[in-house]
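Open the model in your viewer and keep the selection tool at hand.

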Amino acid sequence: MADNFSTAQALMREAQNCLTEAKRYFAEGDWNFAIRRAQECVELALKSLLKAGGWEIPKRHDVGAVVIEQLRAVNIPVEAETAAKIVNASERLAQQRAPAFYWEVTFTYDDAQLAIEDAEFVLAWAKEILQQL
């Protein structure tokens with residue numbers, strides 16, 4: 001059985017794969033699937049940090065605030081602006097997840113571009129934090 005850190009690294013690799021797919025869908029003009037994959041990237045990147053820290057992983061898609069709370073509890077600093085961006089991205093993308101996937105909403109280029117930018121930010125930040133855990 002894999003240890004927490006090995007599992008966390010696997011989750012981070014999957015997050016990277018989701019971002020790669022999100023960018024491909026974006027390039028193809030499929031805004032809904034770009035958003036869906038960007039959300040999965042954010043979720044997996046954040047859950048990889050929870051796994052690496054040995055913390056319980058909530059059974060929900062939006063875990064941004066939980067990650068920030070856990071990191072601060074073990075004295076890993078997260079700047080307020082960074083924390084707000086992560087929490088907002090996680091929350092917004094989790095809300096868009098199902099509507100994007102089931103085409104309940106038709107998302108736009110701008111929506112997808114923001115999702116990709118947020119996923120890139122969260123993934124890069126999470127990779128840095130993973131090295132501290």
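Start with Arg36. This is a predicted model. Is Arg36 buried or exposed? Its relative accessibility is 9%, under the 20% cut-off, so Arg36 counts as buried. Arg36 is found in helix α2.

Now show what surrounds the side chain. Setting aside neighbours within four places in sequence, Arg36 is in contact with Arg97, Ala98, Ala100 and Phe101.

Next, select residues 31-53, which form helix α2, and residues 109-130, which form helix α5. How do the two helices lie? Their axes come within 9 Å and cross at roughly 15°. Angles under 35 degrees count as roughly parallel, so α2 is roughly parallel to α5. The crossing of α2 past α5 is left-handed. Colour the residues of this contact by type: 21 are nonpolar, one is polar and two are charged.

Move on to the largest nonpolar core. It has 42 residues. Pick out Leu46, Leu49, Val67, Leu71 and Trp125, the residues with the most contacts inside this core. Which elements give two or more residues to it? They are α1 (4-27), α2, α3 (64-73), α4 (80-101) and α5. The largest share, 11 residues, comes from α2. In soluble globular proteins, nonpolar side chains tend to be buried together.

Finish on Trp125. Again leave aside neighbours within four places in sequence. Trp125 is then in contact with Leu46, Leu49, Val67, Ile68, Leu71, Val78, Thr82 and Ile86. Among these partners, Leu46, Leu49, Val67 and Leu71 are also listed with the most contacts inside the core.

Definitions and conventions:
Residues are numbered from 1 along each chain as its sequence is written. This is a predicted model: local features need pLDDT of at least 70, side-chain atom pairs count only at pLDDT 80 or more; totals for chains, interfaces and linings use all residues. Side-chain values use heavy atoms; hydrogens and water are left out. Axes are lines fitted to C-alpha atoms, for helices over the stretch in contact, and angles run from 0 to 180 degrees between N-to-C directions. Helices (H or I, at least four residues) and strands (E, at least two) are DSSP runs, numbered from the N terminus. Angles under 35 degrees count as roughly parallel, over 145 as roughly antiparallel, 65 to 115 as roughly perpendicular and the rest as oblique. A crossing is left-handed if the near helix is turned anticlockwise from the far one by less than a right angle, and right-handed if clockwise. Ala, Val, Leu, Ile, Met, Phe, Trp, Tyr, Cys and Pro count as nonpolar, Asp, Glu, Lys and Arg as charged, and the others, Gly among them, as polar. Buried means under 20% relative accessible area, exposed over 50%, partly exposed in between (1.4 Å probe, protein chains only). Contact means heavy atoms within 4.5 Å. A nonpolar core is a set of buried Ala, Val, Leu, Ile, Met, Phe, Trp, Tyr and Cys residues joined through side-chain atoms within 4.5 Å.
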